Amino acid sequence: MTDLFFRAIVPDEVDDFFASLSVAFSDPRPDAEEVETDKKVAELDRTFAAFDGDRIVGCAGAYSQQMVTPGGARVPTAGITMVGVLPTHRRRGILRELMTMMLDQAAGRGEPMASLFASQGAIYGRFGFGHAAHHLEFDIALDRLVWADGTEPTGRIVLYPRAEALPIMRRIYDRAIERRPGALEVDDRWMDVAFWESKKDDERVFYAVHEDDAGAPDAFAMYGIKHEWPRGLPSSEARVKRFVATTPESHIGMWRYLCSIDLMARVKADLRPVDEPLQWLVEEPRALRPQLEDGLFLRPVDVAAAWSARGYVGSGSVVIEVDDPSRTEAAGTFFLEVDDGVGMCARTDRDPDLRCSVNAVGSTYVGGTTWTALAGAKRVHEVTPGALALADGLFRSDRAPWPAFYF
């Protein structure tokens, strides 16, 4: 790699960065509107590039995030994003160098965790990321939908223009994520970007807010309509882009609204949590046509700090040996002691009860899978009998992890 060098970009390189990133994803020109939106949250000191001469040939960036953990605590997290290498420069170690720079920076900033959504999950396992949260997609056949008894809607739905909707949505979102593992805190900039609306005519969005019987907003949905009129008959599709609810009643009310819009034949919804209540609100679950997808990937940057930051269930202690080939300085054996849901973790010389890769630490961190499940895939090895059951009990989360939006 003697002809390549790596560094954070400077302001007058931002457009070149996004142009190269677009080419890395096989698009010859970036979408100008999307680029302007992404610039609002780009952190230039966390936006890295590989240079071949004066040309950017590799891209990667990170966002400074606060991620909700089981129990509701927040953990500082490096949100890895905008990763791509030009097809002319692949297989030259560019991705590895960029990933090393981002994780080194996260360690220097005291961020115990790193997260990402993967274009291809197989890319990031070698960098220590483990799949931490599935999500569901629905393709609801409205002609087959039958609501269960007791799911009559209450409250009302109000449609707002975007400028009025965003502050209301922000308040709802902040309440909804209080104890939702994997969710991210947002500020006004991120609210604008995470709940972005394209200006293209065929991507226009409605902003629906559910209000309870007292008039208090408690759920919102962003949705668009794909109009279809085969042979003059209405067969359109409602596409739910974002949906956040704070109560069972608001959840029911919003789903009942979305599935009752005139002229629709189907409703599609992406990025729903695996414990989505809709699955138990209907009598014919096959009408939902659910599909399970991989979602959030996590890896610890500092295992002891990461395990000390999250909440647990009950009390107990376990010693876990963690192998981390891509960041050997982060590997080690760790003693986790939990007292009434509060954990403290530190390095130890004790013999381990469990052995695992760093990927398993990421996979179990927000409760998306269990230590026993990973042991069944030979990703965790039980040394002390009963240690798997103990770890499962401590790390258990009553709510499925759900990031709510892509980044």
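The aromatic pairs come first: this predicted model holds 20 of them. One of these pairs joins F206 and Y223. Their ring centres are 5.2 Å apart and their planes meet at 25°, so the pair is stacked, since planes under 30 degrees apart count as such. F206 belongs to strand β8, residues 206–211, while Y223 belongs to strand β9, residues 217–226, so the contact ties together parts that are 17 residues apart in sequence. The surroundings of the two residues may also be noted. F206 has a relative accessibility of 40% and therefore counts as partly exposed. Y223 has a relative accessibility of 3% and therefore counts as buried.

A second pair is formed by W371 and F395. How are these rings arranged, stacked or edge-to-face? They are edge-to-face, with 75° between the planes and 5.3 Å from centre to centre. This pair links distant parts of the chain, with W371 in helix α9, residues 371–376, and F395 in helix α10, residues 387–395. The two residues are 24 apart. W371 is buried, at a relative accessible area of 1%, and F395 is buried as well, at 4%.

Ring pairs also build a cluster, and its members are Y63, Y173, W190, F195, F220 and F405. Please keep F195 in mind, for R242 lies over the face of this ring, at 5.9 Å from the ring centre. Another contact of charge and ring involves R310, whose charged end sits over the ring of Y312, 4.7 Å from the centre of that ring.

I turn now to the salt bridges. How many does a search of the whole structure find? It finds 25. I shall describe several of them.

In one, the side chains of K39 and D15 meet, with 2.8 Å from N to O. K39 lies in helix α2, residues 32–39, and D15 lies in helix α1, residues 14–24, so this bridge ties together parts that are 24 residues apart in sequence. Both ends are partly accessible: K39 counts as partly exposed at 28% relative accessibility, and D15 counts as partly exposed at 48%.

In another, D139 is paired with R266, and the closest N and O atoms are 2.5 Å apart. Which parts of the chain does this pair tie together? D139 is in strand β6, residues 130–141, and R266 is in strand β11, residues 264–272, so the parts that are joined lie 127 residues apart in sequence. D139 counts as buried, at 16% relative accessibility, whereas R266 counts as partly exposed, at 29%. These two residues also take part in a network of salt bridges, in which D139, E237, R239, R266 and R289 are linked.

A further salt bridge brings together the side chains of D192 and R162, at 2.7 Å from N to O. D192 is found in helix α5, residues 188–194, and R162 in helix α4, residues 162–176, so the pair ties together parts that are 30 residues apart in sequence. R162 is buried, with a relative accessible area of 18%.

Let me continue with the cysteines. How many disulfides does the count give? The count comes to zero disulfides. C356 is buried, with a relative accessible area of 6%. C259 is also buried, with a relative accessible area of 13%.

My last topic is the space inside the model. Rolling a probe the size of a water molecule over the atoms shows where empty space is left. The structure holds one cavity of 30 Å³ or more. The largest cavity has a volume of about 40 Å³. Which residues line the largest cavity? The lining consists of I9, V14, F17, F18, A42, L44, T47 and M82. Helix α1 gives the most to this lining, with three residues.

Notes:
Residues are numbered from 1 along each chain as its sequence is written. This is a predicted model: local features need pLDDT of at least 70, side-chain atom pairs count only at pLDDT 80 or more; totals for chains, interfaces and linings use all residues. Side-chain values use heavy atoms; hydrogens and water are left out. Rings of Phe, Tyr and Trp (its six-membered ring) pair if their centres lie within 6.5 Å; planes under 30 degrees apart count as stacked, over 60 as edge-to-face and the rest as tilted. Helices (H or I, at least four residues) and strands (E, at least two) are DSSP runs, numbered from the N terminus. Buried means under 20% relative accessible area, exposed over 50%, partly exposed in between (1.4 Å probe, protein chains only). A charge sits over a ring if NZ of Lys or CZ of Arg is within 6 Å of the ring centre and within 35 degrees of the ring normal. A salt bridge is a side-chain nitrogen of Lys or Arg within 4 Å of a carboxyl oxygen of Asp or Glu. A disulfide is a pair of cysteine sulfur atoms within 2.5 Å. On a 1 Å grid over the protein atoms alone, a cavity is a set of points where a 1.4 Å probe fits but cannot get out, and a pocket is an open set with protein on both sides within 12 Å along at least five of seven lines; lining residues have an atom within 4 Å of a point. Grid points are joined across faces, edges and corners, and a volume is the space filled by probe spheres set on the points.
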